[in-house]
Amino acid sequence: MPCNCCEITDSAFSEAEARSDLKSYRRRGPAEHTKLILNAIRSLHLKNAELLDIGGGIGALHHELLDDVADKATHVDASSAYLKEAKDETARRGHHERVNFIYADFTSVASELPQADIVTLDRVVCCYPDFHRLLKAAAEHSRRVLAFTYPRETWYLRFGLRVINFLQRLRKDPFRVFLHPVAEMDSLLKKEGFERITLRRLFVWEMALYQKSGGVA
Ligand SMILES: C[S@@+](CC[C@H](N)C(=O)[O-])C[C@H]1O[C@@H](n2cnc3c(N)ncnc32)[C@H](O)[C@@H]1O
């Protein structure tokens, strides 16, 4: 179901960029920020889980987790270029019957989707203006675990993202990047019944893994 968000992300993520991401994944494996999510999830020793990957791009998280953690996955993405590459790789790995692909803004279709054990958003909240809406919907769809990466709140990223958005304005491109307040995202997830059990940092990205309070994972 194409949407305004999809129009914006479709123009932001070109077919060439998606192809290049897949090429890099095939050569070098998952990116460092994606590895943080994979390691944190694998440390929980879940088996036969259902995965909901929001904004999964070329699908690295489900390509990997379907090998040992998940039985099936849903990949919701607002970029048709990324979905095409994700589908090709899924077929190449023989996972095509285990992944459901949905072209949509997750917040628009969330009410039609079932819950999953694990919900992931790798570098997605920073593409979306309303993190409350996106994260709340994501949390409501997780039975056990939610893991996501986002840009760190540092002076150099505040400056860098301002420059990127300034250039986007000059190009008259409506796509923007967002540095959302980590404390507010954390407090939202706590209100939704999750506790943060892992926090890891790279130079740009931070990864937080939340588990439903009560330790059901
Ligand atoms: C920077 S890319 C990250 C892709 C991949 N997760 C990765 O880390 O390589 C952001 C992705 O999030 C998707 N996205 C952003 N907002 C979304 C939303 N509201 N619903 C679904 N997908 C969304 C974009 O289409 C894009 O595929």
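How many residues surround the ligand, and which are the closest? In this predicted model, the ligand is surrounded by 20 residues. Gly55, Asp77, Phe106, Asp122 and Arg123 are the closest. By type, the shell divides into ten nonpolar, six polar and four charged residues. Two elements, helix 1 (4–12) and strand 2 (70–77), each supply at least two residues of this shell.

A polar side-chain atom of Asp77 lies 2.6 Å from a ligand oxygen atom. Backbone atoms take part as well. A polar backbone atom of Ala78 is 3.2 Å from a nitrogen atom of the ligand. For Asp122, a polar backbone atom is 2.7 Å from a ligand nitrogen atom. On its own, the ligand has 590 Å² of accessible area, and the protein covers 94% of that area.

Is Asp122 buried or exposed? Asp122 is buried, yet has no salt bridge. The nearest side chain of opposite charge belongs to Arg123, 4.8 Å away. A salt bridge needs a side-chain nitrogen of Lys or Arg within 4 Å of a carboxyl oxygen. The side chain of Asp122 does have a polar partner in His33. A polar contact of 3.0 Å joins the two side chains.

Conventions
Residues numbered from 1 in each chain as written. Predicted model: local features only at pLDDT ≥ 70, side-chain atom pairs only at ≥ 80, totals over all residues. Heavy atoms only, no water. Near = heavy atom within 4 Å. Polar contact = N/O pair within 3.5 Å; in protein donor to acceptor, adjacent residues only side chain to side chain. Areas by Shrake-Rupley, 256 points an atom, 1.4 Å probe, with all protein chains shown as cover. Helix = DSSP H or I, 4+ residues; strand = E, 2+ residues; numbered from the N terminus. Nonpolar A, V, L, I, M, F, W, Y, C, P; charged D, E, K, R; others polar. Buried < 20%, exposed > 50% of the residue type's maximum accessible area, 1.4 Å probe, protein only. Lys, Arg positive; Asp, Glu negative; His and termini not counted.
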